[in-house]
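Student: I have a model open on my screen and would like to learn how to read it. Could you walk me through it?

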Amino acid sequence: MDFTDINRRGVVLLGCGKMGSAMLAGWLEGGLAPASVTVIDPAPSDWLRSTGVVLNADPPAAPAVTLIAVKPQMMGEALPALRGLSDTLFVTVAAGTPIAAYEAALGEIRLVRAMPNTPAAVGRGITAIVGNGAATAADLDLAEGFLGAVGEVVRLDAEAQVDAVTGVSGSGPAYVFHMIETMAAAGEAEGLSRELALRLARATVAGAGALAMTGEDPARLRENVTSPNGTTQAGLEVLMAELPDLMARTVAAAARRSRELAG
Ligand SMILES: NC(=O)C1=CN([C@@H]2O[C@H](COP(=O)(O)OP(=O)(O)OC[C@H]3O[C@@H](n4cnc5c(N)ncnc54)[C@H](O)[C@@H]3O)[C@@H](O)[C@H]2O)C=CC1
Ligand SMILES: O=C(O)[C@@H]1CCC=N1
């Protein structure tokens, strides 16, 4: 991503907690100039203070991008701070909040609704995007380039898909982290030290993830580990009896909550 124009016009971040910081870390690493970033956040973290971004000052009148990363519950209170901005592309990462809510609060805006995830902090995020009626092809390209600086970007056909995306990839890192926690606990129960069990679980998930990213069919990769009548088969017989239904209910619950947050 070439940040030259963005550095010249500036970026505004409304809310910079866990998700905003994950993305900002990647952008700063990729060449976004701290002095071109204005963050509006009543409780900036020590990390944010250390970056050199401009904190809680008047934003530039026409920043290239205005990123909204506050909790959906804070939206009504937070959005009025952006009312003076013009000629900016708004990009929101909030779960739940529909495009119509931003249009109701901010008027005629160009907006991209995005659903990222926290691996953006290490450049390995995946973000799904969809534009509002006023967003141009150039706006979607700008959003894709900007968000693409911290990982992959996929474009959605319709806003209705965002709830399912949130259930799979927005919330998904938490499911995988919980798998690491539970694999490590299981290893400990089998007699390993906590430290060794956690090291094995963490490296196994990271290595399997890297292998999955080769594009090989995950079922094939699973079969490659599974010797007939061997240890993996014994383990999978337990896991596969429960996991498909459990994962379906997990993703459905997250997607349902996303729809509820829309009000
Ligand atoms: N954490 C995650 O993995 C993901 C989060 N999201 C979305 O990102 C948004 C932020 O989530 P998190 O970063 O996890 O929450 P967070 O609570 O860590 O960050 C929210 C930030 O907003 C600030 N804030 C509160 N009121 C404000 C106001 N009136 N004006 C400006 N800033 C204000 C808070 O001080 C805080 O730093 C949410 O809408 C969430 O749905 C989306 C994808 C993944
Ligand atoms: O838990 C949440 O509501 C946010 C949205 C996706 C991930 N974290």
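Tutor: Gladly! Let's begin with the ligand: α2 gives the most to the shell around ligand 1, with three residues. Helices here are DSSP runs of H or I with at least four residues, and strands are E runs of at least two, numbered from the N terminus. This is a predicted model, where local features need pLDDT of at least 70, side-chain atom pairs count only at pLDDT 80 or more, and totals for chains, interfaces and linings use all residues. Residues are numbered from 1 along each chain as its sequence is written, while chains are lettered from A and ligands numbered from 1 in the order in which they are written.

Student: Which residues come nearest to ligand 1?

Tutor: A residue is near a molecule if its C-beta atom, placed from the backbone, lies within 6 Å of it. Around ligand 1 there are 26 such residues, and G15, G17, M19, A94 and A95 come nearest. Both α2 (18-30) and α4 (75-78) supply at least two residues of this shell.

Student: And which domains does the chain have?

Tutor: Domain bounds come from an automatic or database domain assignment. Here that gives domain 1 (4-165) and domain 2 (172-261), with C-alpha centres 32 Å apart.

Student: How many residues does the contact take from each domain?

Tutor: Two residues are in contact if their C-beta atoms, placed from the backbone, lie within 7 Å. Domain 1 contributes nine residues to the contact and domain 2 six residues.
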